[in-house]
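Please open the model in a viewer and keep the selection panel at hand. The stops below proceed one selection at a time.

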Amino acid sequence: MLVSRYTQFLPQGDGSTVIWHSVFGRVMQLPDQLADFLKEAGDFNSHDFEEEFGEDALKILSNAHILIDSTEQEQVDIDSLFTKHNPKHKSKVKALSLIMSEECPFRCVYCIHFANSKHYYNQEKMMSLEVAKASIDSYLGLMIKNGETDFYINFGGGEPLLNYRTIAEILPYIKECESLYDIKIKLGINTNLSLLTREMAETFIRYNVEIATSLDGTKSGNNKVRLTKDLSGTYDSIMRGFNILKELGHPLDGFAMTVTEANLSDVDTEIIDWADSLGMKEVRIDIDVVGIVNSSMQKIIDKLTRVRKYAMEKGISVIGFWSRPAENLGLIPEEEDIGFCGGERGNSLCVAPSGQVFPCGYSNYQLGNYQDIPTIYENSAYVELLDNRNLNIQPDKCKKCPIFGFCRGGCLITKEANQGSTEKQSAMCELYVGMTEAIIRQQVTA
Ligand code: SF4
Ligand code: SF4
């Protein structure tokens, strides 16, 4: 019997060590004595192990893939995870995102839409009703054919409210589709709220469109990085949108912020107090996935950990891309298709106004055109997207990473935007691993 080379050890300093398998997960807390044995053990006899640590320990650690019969068998088990969750010639599509507008009245300094996506330069800036309807028809057809029952359509951008006219026409169409197919479709929109009017807000409430928005912290922090085209602050225009929704009895229960070098100093507990005063329950804090943040990653990890703990005490959850691997570690890989995001898993189709389809709205990796949606799973680009998920072909750096199977290479855009440079990718890896360990520590002591 052997201890898997993928076993990770995180000593807690209280006589216990948290361990997990970097592909199969199963986080558990062990006494140091057992953890030390696992760290040092070579090939050993299972009866001796059972005698020293008990029958239950042997069973639990074997089920968790920590104790294995051979590395060859372990490799077979890892390969079968890939084939199970990435079947050939089968759609994995779950959600449709319509990029309603490539334009935006804001010029946030970190915006990944303008920093990475080249489709922004296409001639077609606004999605037409025709492309939107055809994309929805094809998406619903593909999902129904595949036996899927959880439908989700999102309106994104750029700023989707620049094309509100089309959204207003599409919403009744989606209702007609619901009746026609006898299904329920969940709807969402990502907007900066600056163009929101009372009429638009009432429409979204009537059609149950879930609104997600970004605000980069308090007024001073926000106005350093979220700017209009003429470089003035955007806080007041965003708050006007917040207040319209509040007056209509639908206050937002959270917001997302992006941290760059410029506003890092504004990320602190005051943001949580502010969110709490508005009755919010979730704050999303992302570190710019494209540009370099010069501050030490350890400083950012310490800050996020402190803010997250403070928020937890107020019943507010603080999440971000950095919490994804830790959230994934709570899942069972044999049962769930674990990935960094819907784009990476092949679950999302994002249609641009030009009709091009991407796995993520900020990506330049074209899967096809909206006419291809019914058979997108046969397109070589979609097949390749899934093939690239094979853990066997990941770079050595990932294979040796403690959160290998739960991060799976991270955000597609970080890789696309930083091709040929490892500096940003390494910084994000440090963030993901450091935050996963910090979250595990917070959970153990909670
Ligand atoms: S991208 Fe980085 S953090 Fe993610 S699995 Fe690879 S090495 Fe680990
Ligand atoms: S690739 Fe995934 S994590 Fe990265 S921006 Fe797109 S959806 Fe978000």
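Is His65 buried or exposed? His65 is buried, since 22 other C-beta atoms lie within 10 Å; a residue is called buried if 20 or more other C-beta atoms lie within 10 Å of its own, exposed if 12 or fewer, and partly exposed in between, with C-beta atoms placed from the backbone. This is a predicted model, in which local features need pLDDT of at least 70 and side-chain atom pairs count only at pLDDT 80 or more, while totals for chains, interfaces and linings use all residues. Residues are numbered from 1 along each chain as its sequence is written, and chains are lettered from A and ligands numbered from 1 in the order in which they are written.

**Backbone stops in loops**

Remain at His65, in the loop between helix 3 (55-63) and strand 5 (67-68). Helices (H or I, at least four residues) and strands (E, at least two) are DSSP runs, numbered from the N terminus. The phi of His65 is near 65°, a positive value in a residue other than glycine.

Select Leu193 next, in the loop between strand 8 (185-191) and helix 8 (198-206). Its phi, near 70°, is likewise positive in a non-glycine residue, and Leu193 is buried, with 25 other C-beta atoms within 10 Å.

Then go to Gly157 and Gly158, which are joined by a cis peptide bond with omega of about 20°. Gly158 belongs to the loop between strand 7 (151-157) and helix 7 (164-181).

**A hairpin**

Select strand 2 (residues 7-11) and strand 3 (residues 16-21), which pair in the antiparallel sense over 5 bridges; pairing requires that DSSP find at least two bridges between two strands. Pro11 stands opposite Thr17 in strand 3. Of the hairpin's 4 residues between the strands, Gly13 takes a positive phi near 75°.

Strand 10 is joined to strand 11 (residues 282-287) by 6 bridges, and Thr258 has Asp286 as its bridge partner in strand 11.

**The nonpolar core**

Colour the largest nonpolar core, of 98 residues; those with the most contacts inside it include Leu98, Val283 and Leu349. Such a core is a set of buried Ala, Val, Leu, Ile, Met, Phe, Trp, Tyr and Cys residues joined through C-beta atoms within 7 Å. Now centre on Leu349: leaving aside its neighbours within four places in sequence, Leu349 is in contact with residues including Val93, Tyr139 and Ile376, contact being C-beta atoms, placed from the backbone, within 7 Å.

**The two ligands**

Select ligand 1, whose surrounding residues include Lys397, Cys398, Cys401, Cys407 and Cys429; a residue counts as near a molecule if its C-beta atom, placed from the backbone, lies within 6 Å of it. Helix 19 supplies the largest share of this shell, 3 residues.

How values were computed:
Contact = placed C-beta atoms within 7 Å.
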